[in-house]
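Please read them with the structure open.

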Amino acid sequence: MSEVEAQRQKEIQQAEELLFAGPQALGFAKGLFHGHFVADWVMPYPRVPAAQQTELDKTLAEVRQFLDEHLDPVAIDRQADIPRAVIDGLGRVGVLGTTAPVEFGGRGFMQMANCQVLEEIGSRCASTSVFVNAHHSIGIRALLLFGTHEQKQKWLPKLVTGEQLGAFALTEKEAGSDAANVQMQARPSPDGSHFILNGEKRYITNAAIAHVLTVMARTPVPDSDKTAITAFLVTPDMPGFTILEARMPKMGIRGTATGRFALRDVKVPKENILGPPGKGLKIALTVLDFGRTTFGACCTGAAKTCLRLAVEHANTRKQFNKTLGEFHLVKKKIARIAADAYAMEAMTTITASLIDRGLEDYMIETAMLKVFTTERLWEAINEAFQIYGGSAYFVDLPLERMVRDARINQIGEGSNEVLTSFIALVGMRGPGMEFKEIYDTMLKPSRGLGKAWTAGMHRLGAAVRIPDVPVRSAELRSFANQLGRLIWRFNIAVNRALIAYREPILDLQLVQERIAGAAMDLFASTCVLSRWDAELQFARRNGDSAPQTNHAADLFLRQSFRRIRRFLSDLNDNEDKALLAAAHSALRRE
Ligand SMILES: Cc1cc2nc3c(=O)[nH]c(=O)nc-3n(C[C@H](O)[C@H](O)[C@H](O)COP(=O)(O)OP(=O)(O)OC[C@H]3O[C@@H](n4cnc5c(N)ncnc54)[C@H](O)[C@@H]3O)c2cc1C
């Protein structure tokens with residue numbers, strides 16, 4: 001077997017291991033790739049249940065008051081530190097244990113409610129929202145999801161109040177985007193009572209201020225020469241735990257403490273293993289699914305801040321005897337930020353609700369949310385920056401800080417390129433398997449026709465049927481019909497790509513990017529339509545017979561549909577060959 005083929009087999013095996021095994025409900029994103037509109041997951045637009053909403057409103061009011069009085073994003077950025085008093089205060093208002101069960105001192109909120117809290121923090125200070133995410137969304141997540149009752153009882157009470165802090169340590173020099181390539185070793189002791197950990201981690205948020213770190217390390221697979229990743233709870237008081245760099249100086253989110261540490265013969269009791277041994281990669285990716293959801297919330301908050309800042313300036317700054325907001329090229333920027341911010345919030349809410357409602361596999365949706373919201377925020381900040389002109393460049397305004405802070409978003413918790421490829425490949429896996437069944441049977445009819453027939457009928461069924469998008473408001477029917485048609489066209493494009501490229505599609509990232517791009521906009525449009533539909537229904541219930549048009553939602557759908565059509569037509573009409581030739585020529589030059 002060639003080295004390339006061996007690597008491919010390894011990747012396929014890792015992917016198989018990651019994808020949740022066994023029968024499960026068809027999720028929304030996977031449904032899209034099959035040509036279905038799985039309405040139950042996205043319509044009607046989800047709401048936090050009334051009982052929790054009251055509690056959430058109270059918490060949000062407390063959080064806002066605390067942030068108004070004590071959070072100084074400028075000082076945090078300049079001093080490259082979040083003061084301990086702020087951390088303690090965040091703990092007091094419940095932010096550091098929002099989703100932890102009440103029995104361990106948390107607020108017991110659902111993910112949708114948690115996202116509203118994170119949106120509020122993200123709208124003010126990215127350092128603080130990343131710190132909270134590192135602690136709560138990922139740092140203690142594996143403990144919340146996979147910890148035993150005893151482990152939770154032992155660790156959580158101090159972590160949810162902020163008396164202790166958490167961190168999530170996956171990244172290493174050799175394991176960045178290639179998260180499965182963790183090299184940190186965990187060797188079992190001869191008596192099996194503990195593991196001995198050796199290796200280094202880098203770029204870890206909260207590394208030097210955390211009291212408990214979820215650390216991914218490689219353990220031997222019993223009765224084999226293989227190894228697999230296992231999740232461990234490690235504390236800095238364990239002998240051999242060494243901070244190599246407590247705060248790596250950096251460009252943005254400067255208030256967060258991003259560090260490097262080494263474990264040198266660190267003895268970790270076997271009781272500190274989280275979840276099943278050898279399942280650490282799956283645990284890590286599940287943890288990151290939660291992180292990506294709150295990432296979406298933080299980006300939404302920051303995009304709303306961009307909108308507010310852009311509007312304030314456009315309404316006050318005059319040039320050519322007009323306010324900037326009177327110029328169409330400025331209006332274009334403001335309209336796009338408003339449309340995107342509306343979509344980001346809708347997408348965050350629906351993705352969080354998938355977790356709350358117990359959909360087993362929401363990996364594609366969280367990846368879409370992460371890529372979409374981080375890209376849209378980057379654009380929104382850039383547009384707001386442009387509207388402010390030269391003034392944005394100076395440190396007395398927040399935009400230069402927001403630019404520096406936002407740049408990590410497209411890289412951290414899975415770079416957008418890796419996630420784009422992931423969205424396309426995991427999405428296409430379902431229809432791809434059906435085609436494989438058909439091919440294999442054509443090549444070897446002795447396998448029997450049963451499965452191939454079923455697969456063929458599924459593919460054919462999706463190819464002839466335009467899915468129904470069940471909106472309740474008559475004024476949205478035309479958008480719903482267009483969306484249904486685009487899903488049908490998307491399904492045909494996916495089928496064509498699978499038939500045309502077959503297995504090599506695994507390497508064709510330019511094709512994957514268009515398919516993932518279309519899928520993301522289909523999901524975003526769905527979320528916008530669902531939210532707008534709910535708003536219209538709400539207005540009707542309150543006696544408003546002709547509710548006003550939501551211009552942000554209207555614009556988003558029009559622009560999103562245009563982008564989808566473009567992605568699909570570019571699959572057949574592009575300059576990929578020239579692009580690859582130019583890249584090859586440039587890459588060879590050095
Ligand atoms: C401020 C900060 C905080 C962080 N906090 C944490 C933390 O708390 N815990 C933790 O475990 N990690 C953390 N990280 C690490 C972060 O998740 C990684 O930086 C990220 O996963 C990317 O890995 P890398 O930096 O090694 O980039 P690389 O893997 O070297 O990738 C570099 C670039 O190559 C491209 N690329 C890579 N692979 C592919 C591919 N397959 N296809 C196409 N393009 C590709 C992408 O454009 C990518 O941005 C943090 C990083 C930073 C900067």
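Predicted model: local features only at pLDDT ≥ 70, side-chain atom pairs only at ≥ 80, totals over all residues.

1. Residues around the ligand. The ligand has 17 residues around it, and the nearest of them are Phe168, Thr171, Ser177, Tyr203 and Thr205. Sorted by class, this shell consists of 8 nonpolar, 7 polar and 2 charged residues. Two elements, β3 (194-205) and α14 (416-443), each contribute at least two residues to the shell. β3 gives the most, with 3 residues.

2. Which atoms of the ligand and of threonine 171 lie 2.6 Å apart? They are a nitrogen atom of the ligand and an N or O atom in the threonine side chain. The side chain of glutamine 509 also places an N or O atom 3.0 Å from a nitrogen atom of the ligand. At leucine 170 the backbone is involved: one of its N or O atoms is 2.9 Å from a ligand oxygen atom. As for cover, the ligand taken alone exposes 980 Å², of which the protein buries 67%.

3. The second largest pocket. This pocket holds about 870 Å³ of space. Its lining is made up of 35 residues, and those nearest the centre are Thr420, Glu513, Arg514, Gly517 and Phe567.

4. Which helix supplies the largest share of the lining of the second largest pocket? The answer is α17, with 9 residues. At least two lining residues each come from α12 (363-388), α14, α17 (509-541), α18 (551-570) and α19 (576-589).

5. Aromatic pairs. There are 11 aromatic pairs in the structure. In one of them, phenylalanine 33 and phenylalanine 490 have ring centres 5.1 Å apart and planes at 70°, so the pair counts as edge-to-face. The two residues are 457 positions apart in the chain, and the pair links distant parts of it: phenylalanine 33 belongs to helix α2 (residues 28-33) and phenylalanine 490 to helix α16 (residues 477-501).

6. Backbone details to inspect. Most residues other than glycine have a negative phi, and most peptide bonds are trans. The bond between methionine 43 and proline 44 is cis, with omega about -5°. Proline 44 sits in the loop between α2 and α3 (50-70). Phenylalanine 320 has a positive phi, near 55°, and is located in the loop between β9 (318-319) and β10 (322-323).

Definitions and conventions: Residues numbered from 1 in each chain as written. Heavy atoms only, no water. Near = heavy atom within 4 Å. Polar contact = N/O pair within 3.5 Å; in protein donor to acceptor, adjacent residues only side chain to side chain. Areas by Shrake-Rupley, 256 points an atom, 1.4 Å probe, with all protein chains shown as cover. Helix = DSSP H or I, 4+ residues; strand = E, 2+ residues; numbered from the N terminus. Nonpolar A, V, L, I, M, F, W, Y, C, P; charged D, E, K, R; others polar. 1 Å grid on protein atoms, 1.4 Å probe; cavity = no way out; pocket = protein on both sides within 12 Å on 5 of 7 lines; lining within 4 Å. Points joined across faces, edges and corners; volume = space filled by probe spheres on them. Phe/Tyr/Trp six-rings, centres within 6.5 Å; stacked < 30°, edge-to-face > 60°.
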